[in-house]
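Please look through the sequence and the model shown here before reading on.

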Amino acid sequence: MGTTEVFPRQEKTKHKTITTTIKLQTHTTNRKEEHMHHETTDGRSVLVALRSLIPDRPTDFTEAKQIAELQANRLLALFNVTEGAVSSEIVASLPRVRVIYVDLPSAVSGTSHWDKRHWVIALNKNDAPVRQRFTLMHEFKHIIDHGRTHLLYVSNSRYTAAEQAERAADHFAGAILMPKRLLKSAWASGLQTSSALARYFNVSIIAAEVRLSQTRLNAARDIVTKPLNNASHALHCRPSLAEGFLL
Ligand SMILES: [Zn+2]
């Protein structure tokens, strides 16, 4: 099908540049960085900080999701985020990240690859802004994981390693856009419907419902939702948002 032909070149580039990435991370400086005082404004340091939370040993999927949650919290702490809606800029403004909006097949929300200077995150320009925010964070998690997926995601009887990587990216996106702590305080302040929370956090209603389900905040309530169609999941990347319902 047409969509599968769009990405092989990018995939190849992504894999080919692993060693280049590491080299750049070690040796390159740029003018911007000379003026940086804080880790939060140095994209490479942020990536190093987030990658340092990945243990140097294989993890199971439960732990991989906990790591995604930890990484989200670390990123929020680095940027002193204390209220919603969380700005996409905490990722989009990183010096080594470039975000572009392109015409992608409707089954594809975004892609990411290293272009030898930056991590380029391409978002489907036809998607709703809430979807684009979610995809941005989803793709950023793939970038954090780059080179470490073999440790984080090991195929089991339920999910392949690739499926786990996609679900962990969804989990990270939910955790960064709806941090548990902020979600709890929003809930305590009276925002107790998925639509009110979605508006507050600038996410889709289904993303809010998945996050509510993950955090068990709505345990006393009975929110009925349907998992999204997962058929296109093999394409890179259509966040499924279905994790909360499949666990
Ligand atoms: Zn993905």
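In β3, Trp119 is the bridge partner of Trp114, where strands (E, at least two residues) and helices (H or I, at least four residues) are DSSP runs numbered from the N terminus. The model is a predicted one, in which local features need pLDDT of at least 70 and side-chain atom pairs count only at pLDDT 80 or more, while totals for chains, interfaces and linings use all residues. Residues are numbered from 1 along each chain as its sequence is written.

β2 and β3 run antiparallel and are joined by five bridges, two strands being paired if DSSP finds at least two bridges between them. Helix α7 (residues 129-145) packs on the sheet, touching β1, β2 and β3, and its direction makes about 150° with that of β3; axes here are lines fitted to C-alpha atoms, for helices over the stretch in contact, and angles run from 0 to 180 degrees between N-to-C directions. The sheet itself is open, has three strands in the order β1-β3-β2, and shows mixed pairing. Because β1 (97-102) and β2 stand at its edges with a single partner strand each, one side of each is left without a neighbour in the sheet. From one strand to the next, the twist averages 20°.

How do the axes of α11 and α12 cross? They come within 8 Å and cross at roughly 110°, and the two helices are therefore roughly perpendicular to each other, the term covering angles of 65 to 115 degrees. Ser194, Ser195, Leu197, Ala198 and Phe201 of α11 make the contact with Ile205, Ala208, Glu209 and Leu212 of α12, contact meaning that the C-beta atoms of two residues, placed from the backbone, lie within 7 Å. Ser194, in helix α11 (residues 194-201), is buried, with 23 other C-beta atoms within 10 Å. Ser194 and Ile205 are eleven residues apart in sequence, and their C-alpha atoms are 5.8 Å apart in space.

Ala208 also belongs to the largest nonpolar core, which has 50 residues and in which Ile121, Met137, Phe172, Ile176, Leu177, Val203 and Ala208 have the most contacts; such a core is a set of buried Ala, Val, Leu, Ile, Met, Phe, Trp, Tyr and Cys residues joined through C-beta atoms within 7 Å. Beyond its neighbours within four places in sequence, Val203 is in contact with Val130, Arg133, Phe134, Leu177, Met178, Ala198 and Ala208.

Over the whole protein there are 13 helices and three strands, and buried residues make up 37% of the 247 residues.

Definitions and conventions. A residue is buried if 20 or more other C-beta atoms lie within 10 Å of its own, exposed if 12 or fewer, and partly exposed in between; C-beta atoms are placed from the backbone. Angles under 35 degrees count as roughly parallel, over 145 as roughly antiparallel, 65 to 115 as roughly perpendicular and the rest as oblique.
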